[in-house]
Amino acid sequence: WEDALAQMPDMDDAIDRFLNQRLKGREPDQKELKRTIDALLRRGHSWSDIRAGLRRYSDSLDLEEQYE
């Protein structure tokens, strides 16, 4: 069991990669955000993991805006 869990990819990384690919560094509108969340839910991610990923994505936007 421990070996199987160790071989699974980190879900946080998968969610972060998906958000960065899908949103490309921009702030999504409500419709695009819903489509993105739905796509992640269909891929089997939990709402709590998606919410955490959205927070990380939002925080990265704030950092980028500070340096522009």
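## Helix 2 against helix 3

In helix 2, I15, F18, L19, R22 and L23 meet E32, R35, T36, A39 and L40 of helix 3. Contact here means heavy atoms within 4.5 Å. The residues of this contact comprise six nonpolar, one polar and three charged. Helices are DSSP runs (H or I, at least four residues), numbered from the N terminus.

The two axes, helix 2 and helix 3, come within 11 Å and cross at roughly 145°. Axes are lines fitted to C-alpha atoms over the stretch in contact, with angles from 0 to 180 degrees between N-to-C directions. The crossing of helix 2 and helix 3 is right-handed.

## Basis of the model

This is a predicted model: local features need pLDDT of at least 70, and side-chain atom pairs count only at pLDDT 80 or more, while totals for chains, interfaces and linings use all residues. Residues are numbered from 1 along each chain, and side-chain values use heavy atoms, without hydrogens and water.

## The nonpolar core

Eleven residues form the largest nonpolar core, among them I15, F18, L19, L23, A39 and L40. Such a core joins buried Ala, Val, Leu, Ile, Met, Phe, Trp, Tyr and Cys residues through side-chain atoms within 4.5 Å. Helix 2 (11-23), helix 3 (30-42) and helix 4 (47-67) each give two or more residues to this core.

Beyond four places in sequence, I15 touches L40, H45, D49, I50 and G53.

## E32, a buried charge

E32 sits in helix 3. E32 counts as buried because its relative accessibility is 14%, and buried means under 20% relative accessible area with a 1.4 Å probe, protein chains only. Outside four places in sequence, E32 contacts R22, L23 and R26.

Key: Buried means under 20% relative accessible area, exposed over 50%, partly exposed in between (1.4 Å probe, protein chains only). A crossing is left-handed if the near helix is turned anticlockwise from the far one by less than a right angle, and right-handed if clockwise. Ala, Val, Leu, Ile, Met, Phe, Trp, Tyr, Cys and Pro count as nonpolar, Asp, Glu, Lys and Arg as charged, and the others, Gly among them, as polar.
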